[in-house]
Structures are given as C-alpha cells and as structure tokens.
Amino acid sequence: MSENSNAIVARGVRKAYTRKKEVVKGLDLTVKRGAVYALLGCNGVGKTTSIRMITGQLTPDAGEISVLGLDPVKDAVKLRRKMAYVAEGQKLYDWMTIDDLIRFVKAFYPAWDDKVCAHLLKMFGLPQGVKLKDYSRGMYTKAALLAALCRDPDLLILDDPMLGLDTAARREFMSGVVDAIHEFERTVIFSTHIIPEIEALSDYAGIMVDGRLVLEAPVDEIKATFREIRLPADTENIPELPGMISVRVAGEDKIVIAQGEESEMTATFHQAGFRFFTVSAMSLEDIFLAVTAKPGS
Amino acid sequence: MKIDLKSGVPIYLQIVEQVKVSALFGRYRNGDRLPPVRELAMELRINPNTVAKAYQMLKDESIIDSRPGGGNFISLQQKNTDAMRETMLSGELQDVIAKADALGVPRDRLAEIFKQLLKETKP
C-alpha cells in the first residue's frame, strides 16, 4: 500500500478472540494524513479491537493494515516513535510524579518538545510533587495526553480517553487536543461515543456497526446529506425516498430520516401531495443514532 | 462567535457568515483584527484547520487581508459591502417567500403586504 496521502489504510481486516466470536468483520477504513478522524460506534462494536490492530498491539486474522506506510506488527518499533496512544484506563507509572514521568518518557523520544511540555503543564494545571496514583482521573488522563503530545507524534490515537471524566476535565482534555492539531502535519484518530464534544473537531467520521464501517465520509458531507423530515404522527402513505434510513413516531410527529439532496426530498413530498412537513439538518449525534439504530427499535 | 451543531451549514461557513454580518453591521470596522486561528479554535473548541479554511475564504472574498508578520484584518471595500448587503437581504426574503408559499399566501398578496409594511414602518 503506497498511498502516501493516507495515514491509515485498513482493508478487509478481521479479528476473532474465540472461534465463535468474531469482533471485527471486514473493516475497510481510510484516514488521510493530517485529518482528524472520529471513529464512532456503540460499546462492543469493535472500536478498541480495531484501534489495537492499528497500533500493533493485536495481529489481524485476515486483511491488511498500513499505518504511516508501515506494517503495525512488523515495523512496531519504528512506528512507536511516530505514533502516540492514549486510551481509557491506560496505566502510567503510578509511583512517579509528573516530573518523573516527563524525565522518564523524554529519554525514549528524541523528538521530545520541552516547549510543548511546559505549555501543556501550565494549561492542564497538573500538580507537581504529587504521585500519579494520587491524581484524580481527569488529571491522570491529562498527564497521559501530555506525555503523548510532547513526543511530537505524526499520528495521535485516542481510544475513548474521556470515558469516566467529568465535564470540566473533558473540556480541558479537549482543549489539549485542539491545541495538538497542527495544519496538515498531525493525524488524529479519536474513538468515542461521546459525539457532541468531538463533532466540531473532526474532518472525517467513520461509523462502526457490528465489526464494520457502515459510513465513512467528511463530516461536512455527512451533515449536508442527512435530513430529518417531520410530519403529523398519523400521516400515512409516506413516499419512498431513495436514501430513506428510518421512519418512526415521536410524540405528535412522524420522523423520517433520509440521506440525499434536500431539494429532492422536498420535491418528492410536494409531489405526493404533502403540505405539512418540515425538513431540517441533524447533528452528527442524531445521524449516528439513526444509522446505528437496530431495525424495529 | 458561536457555532450551531444542529445547523446543516458547515462550521467554516458559519464563521464566514458571522464575520460578514459583524462587518456589515459595523461591529467590525476596517483595520480590526480577527482573533488568531489558534485562539478562536480553542475558544470554540473546533478544529484549527476549520478556522483557517474560513479565514482563507474571507481572504478570497476580499473581506479580510492578512498582513506580513501575521494577523488577519478586516478590509472591506464599498463595492463589496453593497453586494454583500443585498445578498444577505435576498436570502432572508427568499425564506419569507418560501414561508408564504407553504402557507398558501399568493405571491401578489405577499407583495402587497410588503409594500404596505414599507409604507407603515418608519425608517
């Protein structure tokens, strides 16, 4: 795979932990260099397993993965210098203080940036002289992000890092991530199901359902094509739209969700004789819920 | 500035629109400096590349000017502002026309209402 404009390419990737339970079932994913990519999915759809294959912690059963042009398993050592990883519940060295941690990690990474480090220390307000094991969960996660960012990685992988953080800690963490996005230089892949926080940050989104991506596109494109059409709840004979995703009743409204051109949707409803309906854009979270909803639920 | 995630308008265009409106209503004057890309991105917690894209578009439309040494400054020319005012108002009037159509108010009746209101409303 020689596509240099891509930071991560996965094709037909599969992984099973036991013979009966395949978790990743043919993952095709493309992350462009310099992009911020949101990998979205409910718990248990295979996000973390996919991320662990990208980082080389797990070997795929089938398929190919290329990360920064390298094989994550064969070129693991080389890749580790270029890539940083922060995961939910990740363990640091609990007996160290933040200064110990900085000294320790810095020794392994020639690209370590003292300026970024000083800046993030100040921004995150991490207490010095306290052991990491006595940090709150928010401080601990910010310490992990700091250690990841000071290495000046080409690829930053965040696996649901905000899980279990309170709102204030999540905000500070996100500020650190915003700060880490450099124009076209650094690729960020963010796995999460907390969508409102990352929506405005992401260039691309991939939505994962049951071990595969069901949607992968630029966020602006996704938001430009999904629409919610509201009609009175007792409306019948709803016309068939080409990209219809779902029809459900919520209170006094019947809600149709479809993907396509808004003008075509409006025209279809007009032609079918409908007068009382509204068409509106959707947040990425609402689109996610529509795409991942199980039929009938 | 603020961002509406429920809107179908891409974030960079929301920024472009807000800068234009602020400039047209005189909140920004020529020579005023826009916040640096990074600062605005942090404040809104959005992707700095999105802010950069918005600023580039404003530059392409000759609404701002970047100076050597850094900084983006409002630089509106009269002929641009006239056109922008009209584009903005046309957009709002189109929304009104669409609403009138949806309500079943005939177009000539809408024109009458508009004329009447122009007469009654003091400038």
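The expected span of a helix is 1.5 Å times one less than its number of residues. The model treated here is predicted.

**Exercise 1.** Compare the span of helix H3 of chain B with the expected value, and describe the surroundings of the helix.

*Solution.* 
1. Helix H3 of chain B covers residues 48-60, which amounts to 13 residues.
2. From first C-alpha to last, H3(B) reaches 18 Å, close to the expected 18 Å.
3. The buried residues of H3(B) include B:Val51, B:Ala54, B:Tyr55 and B:Leu58.
4. An α-helix has 3.6 residues a turn, so residues three or four places apart point the same way.
5. Packed against the buried residues of H3(B) are helix H6 (167-180) of chain A and, from chain B, helices H1 and H2 with strands E1 and E2.
6. After H3(B) comes B:Ser62, with a positive phi near 55°.

**Exercise 2.** Determine how spread out chain B is.

*Solution.* 
1. Chain B contains 5 helices and 2 strands, in the order α-α-α-β-β-α-α from the N terminus.
2. The globule rule gives 14 Å for 123 residues, whereas the radius of gyration of chain B is 18 Å, so chain B is more spread out than a compact globule.
3. Its C-alpha atoms fill a box of roughly 55 × 35 × 25 Å along the principal axes.
4. Of its 123 residues, 20% count as buried.

Definitions and conventions. Residues numbered from 1 in each chain as written. Chains lettered and ligands numbered in written order. Predicted model: local features only at pLDDT ≥ 70, side-chain atom pairs only at ≥ 80, totals over all residues. Helix = DSSP H or I, 4+ residues; strand = E, 2+ residues; numbered from the N terminus. Buried ≥ 20, exposed ≤ 12 C-beta atoms within 10 Å, placed from the backbone. Contact = placed C-beta atoms within 7 Å. Rg over C-alpha atoms; globule rule 2.2 N^0.38 Å.
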